[in-house]
Amino acid sequence: MEPTENFFRSIIEASPFPVYMCMGPDKLIAIANDATLKAWGKDKSIIGKPFDEALPDLQGQPFSSLISEVYRTGETYHGNNAPAEFIINGKRQINYYKFTYQAVRNSRGKIVGVICFSTDVTEIEHARQAMEESRHTLYNMVRQAPVGICIINSDNLVIEVVNDSYLELVGRKRVEMENRGVWEAIPETAELYAPVMDNVIETGQPITAKEHKLLLVRNGVPEMVFIDFVYEPVKGFDGEISAIMVIAIDVTEKVFARRKIEEAEERARLAVEAAEIGTFDLDLVTEEILTSERFNIIFGVGRDAPAIYF
């Protein structure tokens with residue numbers, strides 16, 4: 001039995017991750033490897049002491065009661081990104097751990113202690129928190145943006161946040177959009193845009209379109225509109241795509257205005273051609289005059305003649 005125990009202890013001591021074991025209902029610290037002592041800011045003098053006496057820093061935190069619960073029930077407990085506060089070198093600091101509390105049984109199956117295997121995930125948690133803060137900042141910027149913006153979760157395609165400009169663009173109320181699937185909220189756009197969004201999620205590459213023609217049901221009324229839009233992937237702290245940010249601008253009025261100008265110009269051109277009128281354009285800056293073919297014929301100007309200047 002002794003060689004087996006020594007072998008077990010050597011494995012724990014060699015582990016680069018914090019591992020410790022508490023024995024009996026008083027939770028006497030029987031083993032704590034160097035990684036554990038470093039995390040606790042303690043030395044080997046705590047070995048053999050009750051957990052609560054050795055680690056007064058942890059009073060009011062859940063770890064002692066969790067060990068007792070595992071010792072009592074034998075049910076393994078898993079903790080994820082749990083904060084642990086310690087006073088190390090006179091300073092209070094918070095580290096985060098992913099850990100497992102598992103009952104230790106003797107040869108007769110009786111629970112005699114609890115062993116803890118843990119991993120320090122402080123850097124990962126800080127990165128996650130930084131991303132959460134960034135996302136909170138992003139959401140605030142989205143709500144205040146003068147253009148339509150909608151952010152959609154890439155996993156379930158649920159709309160996480162949408163600003164007033166986007167709601168006005170699609171003719172919906174906030175309650176009809178946020179926390180709902182995007183194709184449920186705007187079903188008439190699914191056929192055109194679902195493949196686009198799927199491609200952005202799959203490739204991680206943004207997609208941009210100008211003056212895209214779309215039939216929207218705005219405030220219950222079908223309307224043909226023209227949209228400039230961007231589908232931009234948003235990456236999480238792990239580098240994976242966590243959301244898609246849709247930026248959209250209604251350019252319908254601009255498109256219609258340009259078309260009216262183009263139609264007017266086309267009518268004028270046809271009228272000029274029908275009347276066989278010669279025309280010219282004068283550049284007021286360079287004083288260069290550009291003539292039409294009919295103008296050249298009327299005034300006998302050759303096709304290859306140099307530009308006319310005043």
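**Exercise 1.** Does Asn33 count as buried or exposed, and why?

*Solution.* The model is predicted, with local features requiring pLDDT of at least 70 and side-chain atom pairs pLDDT 80 or more, while totals for chains, interfaces and linings use all residues. Residues are numbered from 1 along each chain as its sequence is written, and side-chain values use heavy atoms, without hydrogens and water.

Step 1. Locate the residue: Asn33 lies in the loop between strand S2 (28-32) and helix H2 (34-40). Helices (H or I, at least four residues) and strands (E, at least two) are DSSP runs, numbered from the N terminus.

Step 2. Apply the cut-offs: buried means under 20% relative accessible area, exposed over 50%, and partly exposed in between (1.4 Å probe, protein chains only). Asn33 counts as buried because its relative accessibility is 0%.

Step 3. List the contacts (heavy atoms within 4.5 Å). Leaving out residues up to four places away in sequence, Asn33 touches Ile12, Glu13, Ser15, Phe17, Pro18 and Val19.

**Exercise 2.** Identify the residues that touch the most other members of the largest nonpolar core.

*Solution.* Step 1. A nonpolar core is a set of buried Ala, Val, Leu, Ile, Met, Phe, Trp, Tyr and Cys residues joined through side-chain atoms within 4.5 Å.

Step 2. The largest such core has 28 residues, and Ile152, Ile159, Tyr166, Met177, Tyr231 and Val246 touch the most other members. Elements that each supply at least two residues of this core include helix H6 (164-170) and strand S10 (241-250).

Step 3. Beyond its neighbours within four places in sequence, Tyr166 contacts Gly148, Ile149, Cys150, Met177, Ile186, Val246 and Ala248.
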